[in-house]
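My entries follow in the order I made them.

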Amino acid sequence: MSTIDRREFLKLVGAGSVGTGAGFMLAEAIKHPLEHLIPYSIPPEEFSAGIDTWYNSVCGMCPAGCGISVRTREGRAKKIEGNPSHPVNQGRLCALGQAGLQVLYNPDRLTAPMLQKGERGSDTFLQTTWEEVLSSVAERLVVSRNRTDSIYFLSQGVRGHLAKLFELFMGGLDSDNLWHYDFDHPHSLYAANDRLFGEQQLPYYDIRNSRYLLSFGADYLNSWLSPVHHSLGFGHSRQGGDGPRGRFVQIEPKMSISGAAADEWIPARPGSEGILAMGIGHQLLAKGRYTAVDADDWSAALKDYSAASVAERTGVPAETVVRLADEFSRSQAGLAIGGSSAGNHTNGVDTLVAVNMLNYLVGNIGKAGGVVFNPDPVSGPTQSRQANYRALEDLVENARNKRIDVLIINNTNPVFTLPKSTGFTEALASIPLIVSLSSFMDETTVMADIILPSHTYLESWGDDIPQPGVGFSVAAVSQPVVSPLYNTRATGDIILDLAGRVGLRETMPWSSMEEYLRDGWREIHARSETDGENFDAFWRDVLRSGVWGENTRREGSVVINKRVIDNLGVAEPEFAGSEKEYPFMLHPFMTNAMHDGRGANLPWMQELPEPMTSIVYGSWVEMNPATAKAMGLHDGDMVTVSSAFGSIEAALVVFPAIMPDVVAMPIGQGHSALGRYARNRGTNPLQILAPMTDSASGSLATNATRVSLVATGRRSDTVRTGGMARQLGRDIVQSTGGDATAAEHSSALNSIPIVVEST
Amino acid sequence: MSSNALGLFGDPVSALAAAGTLKDAGFARPELMSPIPIHGVEEVLGPKKSVIRRFTLFGAIFGGLGGFALAAGTAVLYVHPTGGRPVITFPPFLIITYEMTILFGILATVLGFLISARFPAIRERVYAPETAVDKFAVTVTCDNEDTFSRAAAILRAAGAEEVRNIREGE
Amino acid sequence: MSVSIIHTLRVLRPAATIVLVTLLGLIAGFYANAAFFPGTQPEQPINFSHRIHAGDNEIPCMYCHIQARRSISAGVPSVNKCMGCHNEIAVDRPQIRLLANYWDAKEPIPWVKVHDLPDFVHFTHKRHIAAGIECQTCHGPVEKMDVVSREAPLKMGLCLACHRKNEVEHGTDCWTCHK
Amino acid sequence: MNFIDRFVAGWAKYRKPGYYEDFDYAWTMTIDLDRCSGCGACVTACQAENNIPIVGEEELRKGREMQWIRIERYWEGEYPNAKLKFIPMLCQHCDAAPCETVCPVSATYHNQDGLNTQIYNRCIGTRSCAVYCPYEVRYFNYYDHHWDAPLEQQLNPDVTVREKGVMEKCTFCVQRIRQAKDHAKDDGRRRLRDGDVQPACVQSCPTEALNFGDRKDSSSKVYRSMHDPRAYHVLEELNTLPSVVYLKKVETHAD
Amino acid sequence: MPTEEKPLQFADVNNDIVRSLVVTGRNYYITLGIAMFVALACFFFPWFYQLYYGIGAAGMNHPTVWGTYLASFIFWIGLSHSGTLLSCVLHITNSEWRKAMYRSAEAMTLFSLLVAATMVMVHVGRPWFIHWAAPYPNQMGLWPNFKSPLLFDVMAITTYLTGSLIFIYMGSIPDFAAVRDRTSGWRRHLYVLLSLGWRGTDTEWHRLGWAYTFLAVLIIPLAVSVHSIVSWDFAMSLVPGLHQTIFAPYFVVGAIYSGTAGIVTVMFVLRKYMNFEHLITQLHFDNLGKLLLFLSLLWTYINMLELFTGWYSGTSAEYEQIKYKLTGFYAPLYWEMILFCAVAPLLMFSTKFRTSFVPMLVLSIAINIGMYTERFLIIATTLSRQYLPDAWGVYVPSLVEISILVGSLAVFVTLFLIFVKIFPSVSIYEVKETMPQPRKREANLES
């Protein structure tokens, strides 16, 4: 066919057009999308696109006060690392600290001031302006300040100048009710140190140089005091130095992370740790390790704690008690620490006194590898007043009796961390006005009438004196690393604004927290050796390095007076609930990710497997395998955990290292608020705790509740990232002993636990 | 313009005999058409040689060399050291070589088949559709009417059921 | 009875032609789009002319793209920088007024990216400038363009060819450029 | 270079196994199991540095975790002598990596730094490398991950966000190595010094259990560390020649 | 219709075959419609969903990154064996009984290979870049990695697909010619093209014979290599339970085994529904039964060997693997496989069983279910129990995966249904060869 007819031609034209169109569309579809290049109108001083800027600041994720360096790029925070110059963490940082970015960029942050419009707790908030909320709060404050002590300020534990600012503010409002409240505040430890050494502050435990660490319940690598600093010390003591390898012994009813890292884990009945410490003390004296003039007093005080009786009371074999005492006294720098579960008992202070006494008995006070006392803080109050459980009970009582007009809550979450039996939530109903300064809609903030959304710590100015310190004076500055994301304000600025509105301009003349801080730091400038550097230069240097320190240590020794010695003694722990009805002792513990629950709204923390069980996104209850077998329970069964004060459900985890009559539950999940990642996930064991307290410190005895376990018949859907947790002889984690090969390898020589001394 | 004599037979033996007779009678090589391969053709019409084997051999050699060259050449064109092994590694490349040898062997065989059997048929060829069913045909090219009638006679004598005169280019 | 395939091929020719024409159309359409609507010369919020600035007035590239020397990205100048000169120069031209409007509103200018690399490519201006590569090597003769267009395809082959030609150290290692 | 030259050069350089001894660096990590406390700081550091997605509970339930470095835990013994041992497990950057040979498109290979690379945008997602890896440290993007706004503002611009269908794994923080090299060049140095680079996990480790450096540099910390008598490789019998060296945990018994 | 009394004539063969191509009943369309619908609904729709969502639509997870898609891939590759391979072997050994069945067997090869290739596309995470696995010059200057066992696969399967296609086509040329002469319209055009102008001359037969034999000789080692290579995808890894030298013969035997069982199934269906009762007889089933029995014994032996290797190695990883296989999560599947593939085939020791059609059908289907299970277990059990116990996990296929598995069967059936209407599903000329040859009739001499 050499010619084509019209019909044919049209067909071809049609085909060609369709093809061309399709080709055109195809090319269009694979084209790169349009992107914009948007420059600043006026670029900030340090800004340059594509180049990192690092800001040094202070971590606000837990009370340890580590220094952080935040990497920012194009005005956004990208990564938090430890500040290498900060003596607490020396460049290192724990998982929770690194997750601080997700506090800053959390999708569930409060973005504007809000007023409760409906019923309290109904979460019907309306966004409004700062002017409106601040003026209405100020109005109420002005009225209430006429009634002494009717204004309550319950803040998270803050230190440094912000704490001082709070004191000024509350002083101006004529109220004595400024309380700092942290769930994990070691009240018993403070009380014990006060009783034994007459120290208001916590001492510095020099794990780094210690060669033998006896830890009574203290989960020092995970949640106790300053975990990152302790970890540094732990690593160094283990393999860092030239001396012998440090040996670590952990005494606790349920193996903690520190227990797993220890060379030896010794289960002791909950609350009996102090008795064991006394028993060790008894051995030290019996063996003549303590020879000072008051040795007889000590012997008398410890005479009831023979190895046999201690063994009976603690469940630790008598020979172990003798051996521990022997090892402890023979090692070059034996250090005893106590806390966490051991301190959170009805005999907590006694226990910690007994533990700290051991350091004294082996003469390890004020020495490297021992207990070193800290100097007073260089800024802020010497010790901010921490609300123990008794103080909170008073608050509840006062609220019920209508003695509270205004409750200001700053970024703390007592509704979550207090047991239901406290009645805190109910008591809030009797308070006419609740104001919450918070970055998140947590369980306590939901109960507020007025929400003043505060900056996160990465957007605010502040300073911090780490508690416990590191043996010398340290202060660190925290500065905003990004410009505020939302219509929020820094806590300090809110307080200053309110101060101005209630007529406290005279005592608090500063316009902003930054100004106040700079003003306050002139004091530190004055005491520093600055080679004539003026304040501005000094301030710039401090901001650049993020930290300021003084290399002076406290001199002098401590002598324990006879009255203390005579009153030594550890009472048997008390438990709420009968053993018959509630056969298990509940052992709540803090995990690396959740801490006291503040990690629950951070997706990284939700997805960080709990190291011991590899569980993510949930809570569980741990039980000894033999007990589980006897009860016919299997790993993954849902069980109801009931105390006399309530019951919760959780998945059973058969856990090889827990005492048969103890069950352990992680703290931190079970939120009813706090955003999409935290809400309705797991359970909160704190809710069913009995209101037991340690009479000596007034703190909540979290480990003094008995519970019963009943299978629900359902299986859990708790998620674990790990599979089989046994090596099956595959030599994945290899170990070397201290014996046969030791002579051949110098490094292995380091691993001989303690200096051998012929007996 | 030539014509073809085509004799249809009902059985292969007669057809083969007819072809033999035609050949002996001096006709150009007669062609047999059958629904199934007939055995013994070569004894009657002389041996056949096929070039396919050479195609297969050279195809396979080409494929083998090409396969190795492809693997080794591309490996050094953009070097990606993998697994600590040499960039030009014999064991895996021999597998590629092996596969390519067979691939090209097969392709060359097909090519050889098409060429040696003169496929596809562009022009019309002498054909009787019955041979695809159950008839056996013998054809010879005839220059003129005379030769055709001679051939037809031979075919009929050999037992052809039918003799056709087919002109090429129809 | 016919055995030749020619007849059948003839019958099939119209259908085959249509298929062929469609395919040709597809290719033509594809290339037409790529050739005539390449998207390499997007419209900008302000008709900024590199020819006037870099060509006629011979302002060095790095006077405005100040970060090219020290950062991965060359950066575009801030509005502040533009106003530095245009407070004085050519203030009443309409395009400069546009600029001034942005400045007065303290709004950034939403420039459209002409040279855009995919997210998985690590390209640093700094190293290329340190190695003495002219801006024009990749960006084309910008100083002659009134409206900037993308001259180079900015595909992997282009990078590789240059890296190979200049024997860049580990220039063909994937992790030199991919992230 | 023309093709022939490249062929000849490639042949000369790479015809023998063990050519990785000629590489510029041999980045190595040592992990002291005697120090590791299993705290998980490295896991989060890695997540923050490398834009590792938030997988979500449902996907985790399906077993699709994403942790370039993970803490494995192994129990030994029974109560009361139960012991728990942790071991951080990450890409071992094996010199004889099984994963490299199996990739059909060379998306993973051994580069000049002795690193086991993973080029995300070359990956076609056969997942064979994950099967071939005996350490189980390769993670697959089963779908496009999503960050709830404004969490995406945290994403590291130096690391790409992987799309669905792509394998990913530890890179020894190649972006940090790249940046360190960049700074070294600025200072006119050809080679990096010990301590110039620290991957995020090493940087964050609170017990300083992790160490990172070039094992070709005999003065480096990591060189000393890996020649400790306690050094071993996990699954050494597979002869994958890992670049991650573990130091044995020391087990002392009460005397 | 030929009757029992009248012996089968050459013309009857042609009639039967042409009828099977041209005469299409309603049942055929209904079956085709259902098959196409199932293919669309169960294969393509879930696949597109998976393309959109990601491989996450399947159940694969961290330790078990391979799943049913790859199991299906091996299964279909396995099914493809025996088709062309068996046909080649029988061609070379001149087995008469091959001739009635080989065409459909080869078609099975072809279509299983096609489905297998599709399964690869379904399996990979980014199929839109799958062309990167092919060697072609590109602006990136990148080539595939020829050291990868996966690339061996690419090469081997391409070659096998090409080889099988050519082999089935070459064998069909005379039949196309026969059909060409009997059809009209579009079919005629199709067959004119396909038959290339075949006339059945002695030269053509001669060339075809040679070429066909060469192809057969080339394809036998190819087919063996294909499944060996597929096994190397697994055996070249270090995974305990996969890293075994026995794998290549294991896979080849398994492939031929399942392929042969597949042929039995297809033969039954053809015989029943295409009215080929007189072409496909008890003889075929008997012979195939013997072959199946032999293969089942061989397969059982290799399976025992595998267990023994694991047990005898004494290493924790291998030992755990065996233990897991026999008693772990997937153990019911394992025992099902043993029942179907090792125990049930023993019935074929009985000649009566071998020559009964329906029991053979049931058994052949059971064997293929067992063989699919085998492929699934090879992946699932080994990958979920590797070296590091802490990384162990369990894999359960998702609905999408199960749907795609069912759908892939429908795709295969669809392709096969289309095939039987285009290709003469029984070789006309080879069947004729097995029949009594036409004799010279005295009557013809007279005329």
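**Entry 1: chains A and D**

How many residues of chain D are in contact with how many residues of chain A? I found 61 residues of chain D in contact with 72 residues of chain A. This is a predicted model, and I read each entry with that in mind. Among the 9 pairs of chains that touch, chains A and D have the most contacts.

I then asked which elements of chain D supply its side of this interface. At least two residues each come from α2 (41–49), α3 (57–61), β2 (70–76), β3 (83–89), α7 (200–204) and β9 (249–251) of chain D. The top contributor is α2(D), which gives 7 residues. By residue type, the side of chain D that touches chain A has 30 nonpolar, 12 polar and 19 charged residues.

I also looked for strand pairing across the two chains. Strand β31 (residues 735–737) of chain A pairs with β9(D) in the parallel sense, over 3 bridges. Within that pairing, A:Ser735 has D:Lys249 as its bridge partner.

**Entry 2: chains B and E, and what chain B does not touch**

I checked chain B against chain A and found no contact; their closest C-alpha atoms lie 18 Å apart. Chain B does meet chain E, with 58 residues of chain B in contact with 53 residues of chain E.

Which element of chain B gives the most to the side that touches chain E? I noted α4(B), with 16 residues. The elements that supply at least two residues each are α1 (12–24), β2 (31–33), α2 (41–45), α3 (52–77) and α4 (90–116) of chain B. I recorded this side of chain B as 35 nonpolar, 15 polar and 8 charged residues.

I followed chain B past α4 into the loop between α4 and β3, where B:Arg118 is found. B:Arg118 has a positive phi of about 55 degrees although it is not a glycine. A cis peptide bond joins B:Phe119 and B:Pro120, with omega about -10 degrees. B:Pro120 is placed in the loop between α4 and β3 (136–142) of chain B.

In chain D I noted a cis peptide bond between D:Ala149 and D:Pro150, with omega about 0 degrees. D:Pro150 sits in the loop between β4 (139–140) and β5 (167–168) of chain D.

**Entry 3: a sheet in chain A**

I traced an open sheet of 7 strands in chain A, in the order β6-β5-β17-β16-β15-β7-β8, with mixed pairing.

At the β8 end, strand β7 (residues 151–155) of chain A pairs with β8(A) in the parallel sense over 3 bridges. There A:Leu154 stands opposite A:Trp179 in β8(A). Helix α4 (residues 130–144) of chain A packs on the sheet and touches β5 (114–116), β7, β15 (406–410), β16 (433–438) and β17 (450–453) of chain A. The direction of α4(A) makes about 120 degrees with that of β17(A).

**Entry 4: a helix pair in chain E**

I looked at helix α3 (residues 68–80) and helix α15 (residues 399–422) of chain E, whose axes come within 10 Å and cross at roughly 20 degrees. That angle makes α3(E) roughly parallel to α15(E). The crossing is right-handed. On α3(E), E:Thr68, E:Tyr69 and E:Ser72 meet E:Glu401, E:Leu405 and E:Ser408 on α15(E). I counted this contact as 2 nonpolar, 3 polar and 1 charged.

**Entry 5: confidence**

The model scores ipTM 0.91 and pTM 0.92. Chain D averages a pLDDT of 91, and 97% of its residues score at least 70. In chain D the lowest confidence is in α1 (residues 3–14), at a mean of 74, and the highest is in β8 (residues 244–247), at 96.

Chain E has a mean pLDDT of 89. Where in chain E is confidence lowest and where is it highest? It is lowest in α17 (residues 442–446), at a mean of 45, and highest in α12 (residues 331–343), at 96. Over residues 443–447 of chain E the pLDDT stays under 50, and the model has 4 contacts for them beyond four places in sequence.

Notes
Residues are numbered from 1 along each chain as its sequence is written. Chains are lettered from A and ligands numbered from 1 in the order in which they are written. This is a predicted model: local features need pLDDT of at least 70, side-chain atom pairs count only at pLDDT 80 or more; totals for chains, interfaces and linings use all residues. Two residues are in contact if their C-beta atoms, placed from the backbone, lie within 7 Å. Helices (H or I, at least four residues) and strands (E, at least two) are DSSP runs, numbered from the N terminus. Ala, Val, Leu, Ile, Met, Phe, Trp, Tyr, Cys and Pro count as nonpolar, Asp, Glu, Lys and Arg as charged, and the others, Gly among them, as polar. Two strands pair if DSSP finds at least two bridges between them. pLDDT is the predictor's confidence in each residue, from 0 to 100. Axes are lines fitted to C-alpha atoms, for helices over the stretch in contact, and angles run from 0 to 180 degrees between N-to-C directions. Angles under 35 degrees count as roughly parallel, over 145 as roughly antiparallel, 65 to 115 as roughly perpendicular and the rest as oblique. A crossing is left-handed if the near helix is turned anticlockwise from the far one by less than a right angle, and right-handed if clockwise.
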